[in-house]
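Let's walk through this model together, starting with the backbone and moving on to helix packing and aromatic rings. Have the viewer open as you read.

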Amino acid sequence: MLTHIYTKLLSFYGDLHWWPAKTPYEVIIGAILTQNTAWANVEKAIANFGGELTPEFVTGADIEKLAGIIRPAGFFNQKAGYLKAVTAWYAGYGCDVQTVREQQPERLRDELLSTRGVGQETADSILLYAFGFPAFVVDAYTHRLCSCYPINAGKSYAEVKTYFESRLPKSTEVYNNFHALIVINAKEHCRKKKPACDGCPLSGECRRGLQRP
Ligand code: SF4
């Protein structure tokens, strides 16, 4: 079923080339900034760095300055601390993508989860989109897709992640695209209150859509 849904979404939207960032470090920063805010606000915050979005800059900037830069992303004082914490984690690997990629992903995930401001969704987003590890990202849109079909993937983050990872090919490309496709379809069609089922690539088979008048 999951492969079927993935294929349908992929043939409808195509490869979405996620994550929208210029560098792996920008992915890390974006994964923190996007917590509890819309992506448009993250883009404004990232633009405020004015080309200085580097580990060196974030490490050297004081919290007040950093908070001012990322103000559009909300919770800016808290997130400024999170940016420093995740940058310190990255600095432990010399801020070198290849060095991170040579580590065991399970260990990296544990380290990230011990880092201030990094929860499971953020950790998996960093592993998948910054470093290319096959770590499936679960978010509210994933839960919505499951409840629409329905797919009994479980309730907790770990249950849903395991459900998807155990039924899909262990592929960074598939995990990357599938999460992006779920997000775009939720934004364009499967909205929480008023889903636009007409034109949704999953209409005709998802139960929530079939039950709508
Ligand atoms: S058919 Fe409707 S309810 Fe089902 S996934 Fe598409 S938009 Fe959502």
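In which loop is Cys95 found? Cys95 sits in the loop between H6 and helix H7 (97–101), where helices (H or I, at least four residues) and strands (E, at least two) are DSSP runs, numbered from the N terminus. Its phi is near 50°, a positive value in a residue other than glycine. Cys95 is partly exposed, with a relative accessible area of 26%; buried means under 20%, exposed over 50%, and partly exposed in between (1.4 Å probe, protein chains only).

Before going further, a word on ground rules. This is a predicted model, where local features need pLDDT of at least 70 and side-chain atom pairs count only at pLDDT 80 or more, while totals for chains, interfaces and linings use all residues. Residues are numbered from 1 along each chain as its sequence is written, and side-chain values use heavy atoms, leaving out hydrogens and water.

Another cis bond runs from Tyr149 to Pro150, with omega near -10°; Pro150 is in the loop between H10 and helix H11 (157–167).

On to helix packing. H2 (residues 24–33) and H9 (residues 120–130) pack at about 160°, with axes 9 Å apart; axes are lines fitted to C-alpha atoms, for helices over the stretch in contact, and angles run from 0 to 180 degrees between N-to-C directions. The two helices are therefore roughly antiparallel (over 145 degrees; under 35 is roughly parallel, 65 to 115 roughly perpendicular, the rest oblique). Contact (heavy atoms within 4.5 Å) involves residues including Val27 and Ile28 of H2 and Ile126 and Tyr129 of H9.

Finally, the rings. The whole structure holds 17 aromatic pairs: rings of Phe, Tyr and Trp (its six-membered ring) with centres within 6.5 Å, stacked if planes are under 30 degrees apart, edge-to-face over 60, and tilted otherwise. Tyr90 and Phe131 have centres 5.8 Å apart and planes at 55°, so they're tilted. Both Tyr90 and Phe131 are buried. Phe136 and Phe178, with centres 6.0 Å apart and planes at 75°, are edge-to-face. That pair links distant parts of the chain, 42 residues apart. Ring pairs also join Tyr6, Phe136, Tyr163, Phe164, Tyr175 and Phe178 into a cluster.
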